[in-house]
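Please keep the sequence and the structure in view while reading.

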Amino acid sequence: MISSGVRQGSVLSPFLFAVYIDDIGKLQNSRRVTFVVLYADDILLLAPSVVTLQKLLCVCEQEFDSIDMSVNVKKSCCLRIGARHNKHCSEVNTMDGQKPAWVDEVRYLGVFIQRAMRFKCSIEQSKWSFYRAAKGIFAKIGRLASEEVVVQLLKHKCLPVLLYALEVCNLDKRSMQSLDFTLKKIFMKLFRISNIVQYCQTLFNCDLPSVILTKRYEKFICTLAG
């Protein structure tokens, strides 16, 4: 029974919770082969093999047990990245016998990571969310507002949804082109054009997603270097 604490939503809650689970983030071994990445209550376990992942999970569960916490298997899953990403993997078991599923895609902190040869992020969910936000704007204001108002709403309400955290995802050229076309498609619908989209984007000072991401990436690198 809990005899003392802070209410949910208190400014002290995140600080106290960070102190409470601090030891879990120190569980990676001395050789730096396995890692435990923490962000609030979202935990990411990184291991070079399934056997090592199983051992790391057991160690984490022992630490959880000591602080009266447990793994929610329904919200947990496993994903493989590397040369053997398409091979069948042995199941990973928790201490109570439950088995997190192996999946093709996992969402972590709003970014969708795919099973692939190298680290790869999916942009399909970002595009879908962008289209949904843009359609919501068109449904509310239709043709009542001016193009300037609609473009400003797209830039400040929809583009952040499309580009969320993508500057750290190392997207390939094809993905960049797909993001650019996503925005171009909305401009084609707004202005009812097909051949002068780039001119309209320049006129309304709306950079392509590829340009925005390049600027963000450079700023991200400068921040890390500083």
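Helices (H or I, at least four residues) and strands (E, at least two) are DSSP runs, numbered from the N terminus.

Met 176, Leu 179, Asp 180 and Leu 183 of H5 touch Pro 209, Ser 210 and Leu 213 of H7, where contact means heavy atoms within 4.5 Å.

## Basis of the model

The model is predicted: local features need pLDDT of at least 70 and side-chain atom pairs pLDDT 80 or more, while totals for chains, interfaces and linings use all residues. Residues are numbered from 1 along each chain as its sequence is written, and side-chain values use heavy atoms, without hydrogens and water.

## Helices H3 and H5

H3 (residues 124-141) packs on H5 (residues 173-191) at about 15 degrees, with axes 11 Å apart. That angle makes H3 roughly parallel to H5.

E5 (residues 105-108) and E6 (residues 111-114) run antiparallel and are joined by four bridges; strands pair if DSSP finds at least two bridges between them. Two residues separate E5 and E6 in a hairpin, and Leu 109 in the turn has a positive phi of about 55 degrees.

E6 is also joined to E7 (residues 120-122) by three bridges, again antiparallel. Here five residues lie between the strands of the hairpin.

Methods:
Axes are lines fitted to C-alpha atoms, for helices over the stretch in contact, and angles run from 0 to 180 degrees between N-to-C directions. Angles under 35 degrees count as roughly parallel, over 145 as roughly antiparallel, 65 to 115 as roughly perpendicular and the rest as oblique.
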